Amino acid sequence: MYALVDANSFYCSAEQVFRPEWRGRPIVVLSNNDGCIVAANRQAKALGIGKFGPFFEVKDLCQKLGVIALSSNYELYGSLSNSMMEVIGRFAPEQHIYSIDESFLSFKQSYPAIPCLLTHAAHIRRAVWKETRLPVCVGIGETLTLAKVANHAAKKLNGYNGVCYINSAQQRHNILASMQVTDVWGIGSRIGKKLRQMGIHNALALSKLQPGLVRKSFSIEIERTVRELNGEQCKGWDSARADKQQIFSTRSVGERITDKESLLQALSKHAAIAAAKARKQGSAASSLLIFAKNSPYDEQPNGFKYHYRCASPTNDSCELIGHATRIGSQLFNPNTRYYKIGIGLLDLSPVQHLQGDLFTPPKDPALMQVCDNLNQRYGTDSMFVAAQGISGKWHMRRDLLTPQYTTCWQDIPQVSCR
Amino acid sequence: MNVIPILASAGITGFESPAAEYRQLPLSLDELLIEHPSATFIGQASGDSMEKIGIFDKDILIVDRHVSVENHDVIVANYNGSFVCKLIDTKRRLLLSANDSHNSVLIQEHDNFSVEGVVIRSIRCHRQSPILAGD
């Protein structure tokens, strides 16, 4: 038995924890640089303000409708997520944190000791609300995929009130029949489209397909999904996350970049972020994608993109920054107002199988190790390559940022004693 | 500027410290002041209505959401959309102040009210804290 616990509109709910006057009101949270809406709560959606649209298109409408728009406060979300996961983890011997707002629990060893799983689910929901003031829904099922299905029911279907435990074939049947095929975990829009062409519209129809046929027309992953929908355990959470094949660090900047120095600093910063990510998963990159362009909303789209092949695979920040700045300075065009800048590390391979090169001396990973350890212990950018610059105008724009109530002493919430 | 303290060592070997085997973890204020870390938040009092029980303007409040509320606890509540610190009279549904110049408040049906946590500790800074002052 597995449970999936996840928060309802997590970013929006997190913003309401220390702002009781915002509870029950429509809220949207914007992406880096206040570009797009990345989260909208139920009340905002009811007013027709949905996710993933560019913010400037609906800014006036939000103001008119009284929708609260906020910059992403990742410091707050990270800290509240930690508390939430700790509370959830108390309720089962095994926990797998799947994302910032979702966590699986396994009752494999313990569920005979829990008299009623549905009551248990209700306890989880109540405890998380009481202790963190975050609303969550809990779904329980025989497989990870069915736990996801149950969670969907808990959240979206009437009569469940935030908790759902699929414990009969009839109930499973009813829930699957009411779900779109793309609501199933692992069925994206592309596969969903193909399934619809085959006449498979809801999750129930998907679950009734022949597994062998599914493997032939799609992949073994989709076959596993079909089997899991029928209660057969195929997915484990150990295999749920594979190493990434490509690593990107890219962002739009707060203020357009028009001088070379700032562009090189921004490129260096992204090279360093991507390199640190690669080291974390134990990979090195054989080639490097360097790009910078103006906004797609500008009159003349303009920019550059360069694919650089390294002599030997590397994840060394200094080396990658060297390539990025050398190429960036060659391709810089003073007439372009750069808006989006990024670095991609491609052709990743595991560090432990690296093939040496006769003409390149082996790299000493100790410096990067020290750098990563210091940054982990004392906070991001405690130590960095000077080419990144001390503080740039290309930093993120977060005009609508709320205080960091839980991580910054000057921002702790004020409690009235009047 | 972020200064990182790192202990320097001269690499001189001599007698091992006789205290080495008695070493324990240093005292941690977190351990003393916070009982349920994931259910606790820290706030700052603003105003004089709780002075008689020793909570003064700008004192630090440690608020625990895990413990259950008992009669006459010091609590933080959401009262009509703002955080207030009061003594709660659960029997008569009253929010009491600890200062004679403030009246008690009756929690009515139409009020938007919820208990946000129990104030389990409050901390006074007898000299200004540079961190809180923002230096």
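Author: Start with cysteines. A disulfide is a pair of cysteine sulfur atoms within 2.5 Å. Keep in mind that this model is predicted.

Reader: How many disulfides does the structure hold over all chains?

Author: The general idea comes before the count. A disulfide is a covalent bond between the sulfur atoms of two cysteines. Over all chains, the count here is 0. Take A:Cys12: the closest cysteine sulfur, in A:Cys62, is 11 Å away, so the gap is too far for a bond. A:Cys12 counts as buried because its relative accessibility is 0%.

Reader: And which cysteine sulfur is nearest to that of B:Cys125?

Author: The sulfur of A:Cys417, at 15 Å. B:Cys125 is in no disulfide. With a relative accessible area of 33%, B:Cys125 is partly exposed.

Reader: Next, the nonpolar core. Which residues have the most contacts inside the largest one?

Author: They are A:Met84, A:Leu105, A:Phe107, A:Ile140 and B:Cys85, in a core of 57 residues. Helix H4 (residues 74-89) of chain A gives the most to this core, 7 residues. A second, separate core has 29 residues, including A:Leu264, A:Ala272, A:Ala292 and A:Ile341.

Reader: What does B:Cys85 touch, beyond residues up to four places away in sequence?

Author: Its contacts include A:Val415, A:Ser416 and A:Cys417 in chain A. In chain B they include B:Met50, B:Ile55, B:Leu61 and B:Val119.

Reader: Now aromatic rings. What describes a pair?

Author: Two values: the distance of the centres and the angle of the planes. The count here is 13 aromatic pairs over all chains. One of them joins A:Phe304 and A:Tyr338. Their centres are 5.9 Å apart, with 70 degrees between the planes, and the pair is edge-to-face. A:Phe304 lies in strand E11 (residues 303-314) of chain A and A:Tyr338 in strand E12 (residues 338-350), so the pair ties together parts 34 residues apart in sequence.

Reader: Are A:Phe304 and A:Tyr338 buried or exposed?

Author: Both are buried. Elsewhere, A:Phe10, A:Tyr11, A:Tyr74 and A:Tyr77 form one aromatic cluster.

Reader: Which ring does A:Arg19 lie over?

Author: The ring of A:Trp22, at 4.1 Å from the ring centre. A:Lys194 has its charged end over the ring of A:Phe218, 4.7 Å from the centre.

Reader: Let's take a single residue. Where is A:Ser207 found?

Author: In helix H9 (residues 203-207) of chain A. A:Ser207 counts as buried because its relative accessibility is 5%. The side chain of A:Ser207 reaches the backbone oxygen of A:Leu204 at 2.7 Å. Leaving aside neighbours within four places in sequence, A:Ser207 is in contact with A:Leu176, A:Val226, A:Leu229 and A:Asn230.

Reader: Which residues are buried in helix H11 of chain A?

Author: H11 covers residues 220-229, and A:Ile222, A:Glu223, A:Thr225, A:Val226, A:Glu228 and A:Leu229 are buried there. The buried residues of H11(A) pack against helices H6, H7, H8, H9 and H10 of chain A. A:Gly231 follows H11(A), with a positive phi near 85 degrees.

Reader: Last, chain B. How many helices and strands are in it?

Author: Chain B has 2 helices and 7 strands. From the N terminus on, the order is α-β-β-β-β-β-β-β-α. Of its 135 residues, 36% count as buried. Among chain B contacts between residues at least 6 apart in sequence, 57% join residues at least 24 apart.

Notes. Residues are numbered from 1 along each chain as its sequence is written. Chains are lettered from A and ligands numbered from 1 in the order in which they are written. This is a predicted model: local features need pLDDT of at least 70, side-chain atom pairs count only at pLDDT 80 or more; totals for chains, interfaces and linings use all residues. Side-chain values use heavy atoms; hydrogens and water are left out. A nonpolar core is a set of buried Ala, Val, Leu, Ile, Met, Phe, Trp, Tyr and Cys residues joined through side-chain atoms within 4.5 Å. Buried means under 20% relative accessible area, exposed over 50%, partly exposed in between (1.4 Å probe, protein chains only). Helices (H or I, at least four residues) and strands (E, at least two) are DSSP runs, numbered from the N terminus. Contact means heavy atoms within 4.5 Å. Rings of Phe, Tyr and Trp (its six-membered ring) pair if their centres lie within 6.5 Å; planes under 30 degrees apart count as stacked, over 60 as edge-to-face and the rest as tilted. A charge sits over a ring if NZ of Lys or CZ of Arg is within 6 Å of the ring centre and within 35 degrees of the ring normal. A polar contact is a pair of N or O atoms within 3.5 Å; within protein, one must be able to donate a hydrogen and the other to accept it, and residues adjacent in sequence count only if both atoms are side-chain atoms.
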